[in-house]
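Work through the exercises below with the model in view. Try each task before reading its solution.

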Amino acid sequence: MWFLILKLLRIGVKEAKKHKAKKNAANTSTTDSESINLNRDTNMPCPADSTTARNPLITLLETILRFIQFVFGLTVIGLYGRDLHGEDKAAAPAKWVYAVVTAFLAVMTAAVYLVLPFVMEGRTPVARRARVQLPLFVWESVLCVLWLTLFGIFGKMYIGNYSEGDKVKRMRHAVWVDLVNLGLWVVTMGWVGLRWWRGEGDRREGEGDGGCREG
């Protein structure tokens with residue numbers, strides 16, 4: 001786990017250095033070269049994905065959020081999965097299975113977000129690909145609905161239930177962990193939705209200004 005955190009921090013520092021180098025190069029460019037590039041761009045086809053360059057600090061913050069989602073998803077699997085084994089296996093209703101499946105989907109999604117920077121190193125990051133933002137937004141919306149349903153089911157069962165027993169106490173804690181997961185996924189869902197909305201706005205603005213032509 002510490003290796004993963006150090007690797008993510010190293011990627012963030014690397015992206016920050018690249019961003020600074022690009023900024024310095026842009027500041028040293030001459031007015032003539034800018035005008036030539038502007039004229040050249042008007043005759044070039046629109047790129048498939050035209051989202052703007054990302055701030056490396058934002059990239060690092062999003063990576064940290066994904067890691068927290070991964071950890072809290074594993075926590076939910078541990079809290080509910082305990083009742084799917086051993087003595088309580090026969091008594092565990094389908095609600096516990098639903099909780100584990102929801103957490104598993106969330107963990108796998110967060111894991112994909114964490115692994116992609118290593119797999120796609122040297123290529124355009126997913127966050128800058130305008131075409132995939134809408135499907136990602138839809139999927140994260142589905143996860144939010146799943147977490148909301150999970151919180152509603154077990155919140156109704158255990159919030160205010162102060163009965164004695166290890167299982168009841170554990171389920172009361174699990175309900176609040178469910179709520180934390182819901183909040184985390186709502187944040188990233190809104191983040192992806194904003195990214196998609198801004199990408200669509202940039203694309204329409206580019207078409208309206210005639211800054212590029214369709215290929």
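Two residues are in contact when they have heavy atoms within 4.5 Å of each other. The model is predicted.

**Exercise 1. The whole chain**

Task: Find what share of the contacts with a separation of 6 or more comes from residues 24 or more positions apart. Then describe the secondary structure and surface of the protein chain.

Solution: 
- Step 1. Take the contacts in the protein chain with a separation of 6 or more; residues 24 or more positions apart account for 80% of them.
- Step 2. Count the elements. The chain has six helices and zero strands. Read from the N terminus, the order is α-α-α-α-α-α.
- Step 3. Turn to burial. The chain has 215 residues, and 30% of them count as buried.

**Exercise 2. A helix pair**

Task: Describe how α4 and α5 cross, and say which residues meet there.

Solution: 
- Step 1. Two packed helices are described by the angle between their axes and the distance between the axes.
- Step 2. Locate the helices. Helix α4 spans residues 94–119, and helix α5 spans residues 130–158.
- Step 3. The axes of α4 and α5 come within 10 Å and cross at roughly 145°. The crossing of α4 and α5 is left-handed.
- Step 4. List some partners. On the α4 side, the residues include Trp96, Thr102, Leu105 and Tyr113. On the α5 side, Leu136, Glu140, Trp147 and Phe154 are among them.
- Step 5. Sort the contact of α4 with α5 by class. There are 17 nonpolar, three polar and two charged residues.

**Exercise 3. Tyr113 and Arg66**

Solution: 
- Step 1. Find its contacts. Beyond neighbours within four places in sequence, Tyr113 is in contact with Arg66, Leu136, Glu140 and Val192. The side chains of Tyr113 and Glu140 are joined by a polar contact of 2.9 Å.
- Step 2. Check a distance. Tyr113 and Phe70 are 43 residues apart along the chain, with their C-alpha atoms separated by 9.8 Å.
- Step 3. Move to Arg66 in helix α3, residues 56–81. Arg66 is buried because its relative accessible area, 2%, is under 20%.
- Step 4. Read off its partners, leaving out residues up to four places away. Arg66 touches Ala110, Tyr113, Leu114, Glu140, Trp185, Thr188 and Val192. Its side chain also makes a polar contact with the side chain of Gln69, at 3.1 Å.

**Exercise 4. Asp178**

Task: Which side chain makes a polar contact with the side chain of Asp178? Where is Asp178 found?

Solution: 
- Step 1. Find Asp178 in helix α6, residues 166–209.
- Step 2. Pick out the polar contact. The side chain of Tyr80 meets that of Asp178 at 2.6 Å.
- Step 3. Asp178 and Trp147 are 31 residues apart along the chain, and 6.7 Å separates their C-alpha atoms.

**Exercise 5. Ile68**

Task: Find the relative accessible area of Ile68.

Solution: 
- Step 1. Ile68 lies in helix α3.
- Step 2. Its relative accessible area is 29%, so Ile68 is partly exposed.
- Step 3. Ile68 and Ala110 are 42 residues apart in sequence, and 8.7 Å apart in space from C-alpha to C-alpha.

Conventions
Residues are numbered from 1 along each chain as its sequence is written. This is a predicted model: local features need pLDDT of at least 70, side-chain atom pairs count only at pLDDT 80 or more; totals for chains, interfaces and linings use all residues. Side-chain values use heavy atoms; hydrogens and water are left out. Axes are lines fitted to C-alpha atoms, for helices over the stretch in contact, and angles run from 0 to 180 degrees between N-to-C directions. Helices (H or I, at least four residues) and strands (E, at least two) are DSSP runs, numbered from the N terminus. A crossing is left-handed if the near helix is turned anticlockwise from the far one by less than a right angle, and right-handed if clockwise. Ala, Val, Leu, Ile, Met, Phe, Trp, Tyr, Cys and Pro count as nonpolar, Asp, Glu, Lys and Arg as charged, and the others, Gly among them, as polar. Buried means under 20% relative accessible area, exposed over 50%, partly exposed in between (1.4 Å probe, protein chains only). Accessible areas come from the Shrake-Rupley method with a 1.4 Å probe; for residues, only the protein chains shown count as cover. A polar contact is a pair of N or O atoms within 3.5 Å; within protein, one must be able to donate a hydrogen and the other to accept it, and residues adjacent in sequence count only if both atoms are side-chain atoms.
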